[in-house]
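Trainee: I would like a close look at one part of this model, taken slowly and in one piece. Please keep to what the coordinates give.

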There are 2 protein chains.
Amino acid sequence: MRPPTIRDVAERAGVSKSLVSLVLRGSDQVRPEKREAVLRAVRELGYRPNAAARSLSEQRTRTVGVLLHDLRNPWFVELLDGMNSLLHDNGLRMLLADARLNRRTGQDPAGSFLDLGVDGLVVVGTLPEATALGAVAERLPVVVAGAREPRLPGVDVVANDDVRGARLVTEHLIGLGHRRIAHIAGYGAVGELRRESFEATMRAHGLAEGAVVEPSDMTEEGGYRTTVRLLSRADRPTAVFAVNDIAAIGAVSAAEELGLHVPRDLSVVGYDNTSIARLRHVWLTTVDNAGHEVGRRAARCLLDRFEGRGGAGRTELAVPVLEVRGTTTGPPDVHVS
Amino acid sequence: MRPPTIRDVAERAGVSKSLVSLVLRGSDQVRPEKREAVLRAVRELGYRPNAAARSLSEQRTRTVGVLLHDLRNPWFVELLDGMNSLLHDNGLRMLLADARLNRRTGQDPAGSFLDLGVDGLVVVGTLPEATALGAVAERLPVVVAGAREPRLPGVDVVANDDVRGARLVTEHLIGLGHRRIAHIAGYGAVGELRRESFEATMRAHGLAEGAVVEPSDMTEEGGYRTTVRLLSRADRPTAVFAVNDIAAIGAVSAAEELGLHVPRDLSVVGYDNTSIARLRHVWLTTVDNAGHEVGRRAARCLLDRFEGRGGAGRTELAVPVLEVRGTTTGPPDVHVS
DNA sequence: GACACGCACTGGAACGGTCCAAAACAGGTC
DNA sequence: GACCTGTTTTGGACCGTTCCAGTGCGTGTC
């Protein structure tokens, strides 16, 4: 009644279990008729190799753990897609875990991955707390994807070029004629980089005076509240650049609630090009953070490390692209054209 | 250099590996000083039991596979949350896989779970194709959550009560005064149930004439196109009930694009109460499908089956709740009040 | 003092694979 | 027919756990 083992297959095919093992791992040192007999027995019994036994013996699981920041914010789906295709081509499977989900129940997903003996770990997004990643990184290859931290020895970081992306946004808005631009900032290295680049770009265009920065928690609620605050200032900005799409949606809502029309009265830009930004009803101007590419490169880094290549820990940046949609236009006073 | 094993711990603590095993599994047949010695050794070495070896020996993995329909549609997050808390309390971990993601690369995630030897499988949402679930269900407990199919012997189905939910929506719209109501239908058992309940409710209120049903593929694009079609009819409906939130968003966009104001000129209702529906900018009237509750109950079913309880395969329905937000109001001609 | 009985602990056989050294076989050469 | 060579096949050790059947030992009973 229990699933068949390699011994059952061997017995049925009239060979030793070693030969079955050879056939299944594609050796060419096997005579065709025996190979056929083995494959037939496999088919007839519906045999599937037991992954636990295999990994115990091989000392590897052919499995990569993926630790997600938060399943609710869907920007990582593209990234996973890119990563999965490359990993799958190399015979590896992906195991997903949501850091936030598990933190509520008090379990440590990185530790869980360690127990399972995954061959490598990919951290996607900025983790709420740096979950003792250093200790994990000493035991197995770790790659951070879609975030810029933590920077640890032997840990690769793959992300989009936040500095460049933020510059694209800022120059887009400046090019449209905006002079007073607010930035809804976020936390973590990603938040810092985008903010600094925004400020630098404004300065470079002689608009340091027109740059306003307000912090937020990178949620919709945060974007909303921050924007309400921004729009009740005397020198109200004519454009808002939010640290991510979700916060940008909050900004749009705040503007509408205060009777302002987007983009006529206020331009809004997000970051990440999530599926939400692509919804027609939202149609948010945003930055495509090259999720697919980042995912592929993260997988590449991991594969390199499996082969023993890859030293101290490099940083790879993919080129982001501005996606101009419906939430940006020139500022009110210039709009007369 | 390799991770410490139970033998290393035993040696360090000056006991046998069997005793270490006993201590770690919380036996009370161990003298306090030995227990202390073992725990100290565990701490000092940073020992973590090897899950592969354990599951090989125990013939169980303490792991549940979760097969998701599509990560892009985030309605399942609540469900996972509910499920995870209960599973975790029972010492089980969750493994996630996305059916769509994996189908692109041609791998069969259910099979992958079988190889890994998961103790049970939860299918979340309506799978694109009934991925040979029957064969899997013969080997291990399977529960379908958040969908109504496939119906297989020995497979439990846990979902919200779609009939009741659709009735809530329809009666809400009728109560607001709508007489011509369109339904953007979906596929699968869930789609059918919601459509039938919509039709039945309309009939029960003597409004069979005013009921319009158009099929869709349950995407935003589909909702958009279907609504454009609906709104160009001579007897344009005054309300649209979409099979899910995503399609509803498409409907809202279509209305806006045709110059109609939501909800003044057209009321729109979705289903699922996804995080997108809760965005202020969207603020969609929808049905909360009790994701958390469904998740908990699905976990319960699985746990029951692990204990040997649970026979032919029951169906459990959680009670959905209407969430009235900003996209519904009375029809244009009644709106004068 | 012999015996039975619990309690605390241990050795070794699983679990289902991989992998290596050695065995069996086949064919060619002298 | 003995010997060598290369291909095919096999037995058994090993991976890190759990679990079962003991072993040894202190205690209480007759």
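How many residues does the contact take from chain B and from chain A?

Mentor: The model is a predicted one. The contact takes 53 residues from chain B and 52 residues from chain A. Chain B superposes on chain A by a rotation of 180 degrees, with 0.0 Å of shift along the axis and an RMSD of 0.1 Å. Those values are the relation of a two-fold axis. Both copies use the same surface, since 98% of the contact residues of chain B recur in chain A.

Between them, chain B and chain A bury about 5,100 Å², and 54% of that area is on carbon and sulfur atoms. As for charge, side chains of opposite charge can pair when their charged atoms come close. The rule finds 10 salt bridges across the interface of chain B and chain A. One of them joins Glu220(B) to Arg280(A), with an N to O distance of 3.9 Å. The interface of chain B and chain A also has 18 residue pairs in polar contact, counting pairs with both residues at pLDDT 80 or more.

On the side of chain B that touches chain A, the elements giving two or more residues are H4, helix H5 (76-89), strand E2 (93-98), helix H6 (99-104), helix H7 (109-116), helix H11 (220-231), helix H12 (245-257) and helix H13 (275-278) of chain B. The largest share of that side comes from H5(B), which gives eight residues. By class, the side of chain B that touches chain A has 24 nonpolar, 14 polar and 15 charged residues.

Next, the DNA. DNA strand D has 29 residues around it, and Lys17(A), Ser18(A), Arg7(B), Ser21(B) and Ser57(B) come nearest. Of the atoms of DNA strand D that come within 4 Å of the protein, sugar and phosphate account for 56%. Individual contacts involve phosphate, base and sugar or linking atoms. A polar backbone atom of Ser16(A) is 3.0 Å from a phosphate oxygen of DNA strand D. Ser57(A) places a backbone N or O atom 3.4 Å from a base oxygen of DNA strand D. In Ser57(B), a polar side-chain atom lies 2.5 Å from a sugar or linking oxygen of DNA strand D. Two or more residues of the surface near DNA strand D come from each of helix H2 (17-24) and helix H4 (51-58) of chain A, and from each of helix H1 (6-13), helix H2 (17-24) and helix H4 (51-58) of chain B. This surface near DNA strand D has nine nonpolar, 10 polar and 10 charged residues.

DNA strand C is surrounded by 28 residues, of which Ile6(A), Ser21(A), Arg25(A), Ser57(A) and Lys17(B) are the closest. Here sugar and phosphate account for 60% of the atoms of DNA strand C that come within 4 Å of the protein. The side chain of Ser21(A) has an N or O atom 2.7 Å from a phosphate oxygen of DNA strand C. The side chain of Arg25(A) likewise has an N or O atom 2.7 Å from a phosphate oxygen of DNA strand C. From chain B, a polar side-chain atom of Gln29(B) lies 3.4 Å from a phosphate oxygen of DNA strand C. Helix H1 (6-13), H2 and H4 of chain A, with H2 and H4 of chain B, each supply at least two residues of the surface near DNA strand C. H4(A) gives the most to that surface, with five residues. By class, the surface near DNA strand C has eight nonpolar, 10 polar and 10 charged residues.

Within chain A, Arg194(A) forms one with Asp162(A), the closest N and O atoms being 2.8 Å apart. This pair links distant parts of the chain, 32 residues apart, with Arg194(A) in helix H10 (residues 188-204) and Asp162(A) in helix H9 (residues 162-175) of chain A.

Terms used
Residues are numbered from 1 along each chain as its sequence is written. Chains are lettered from A and ligands numbered from 1 in the order in which they are written. This is a predicted model: local features need pLDDT of at least 70, side-chain atom pairs count only at pLDDT 80 or more; totals for chains, interfaces and linings use all residues. Side-chain values use heavy atoms; hydrogens and water are left out. A residue is near a molecule or strand if one of its heavy atoms lies within 4 Å of it. A polar contact is a pair of N or O atoms within 3.5 Å; within protein, one must be able to donate a hydrogen and the other to accept it, and residues adjacent in sequence count only if both atoms are side-chain atoms. Helices (H or I, at least four residues) and strands (E, at least two) are DSSP runs, numbered from the N terminus. Ala, Val, Leu, Ile, Met, Phe, Trp, Tyr, Cys and Pro count as nonpolar, Asp, Glu, Lys and Arg as charged, and the others, Gly among them, as polar. Copies are superposed by least squares on the C-alpha atoms of residues with pLDDT of at least 70 in both. Contact means heavy atoms within 4.5 Å. Buried area is the accessible area (1.4 Å probe) that two parts lose on being put together, summed over both. A salt bridge is a side-chain nitrogen of Lys or Arg within 4 Å of a carboxyl oxygen of Asp or Glu.
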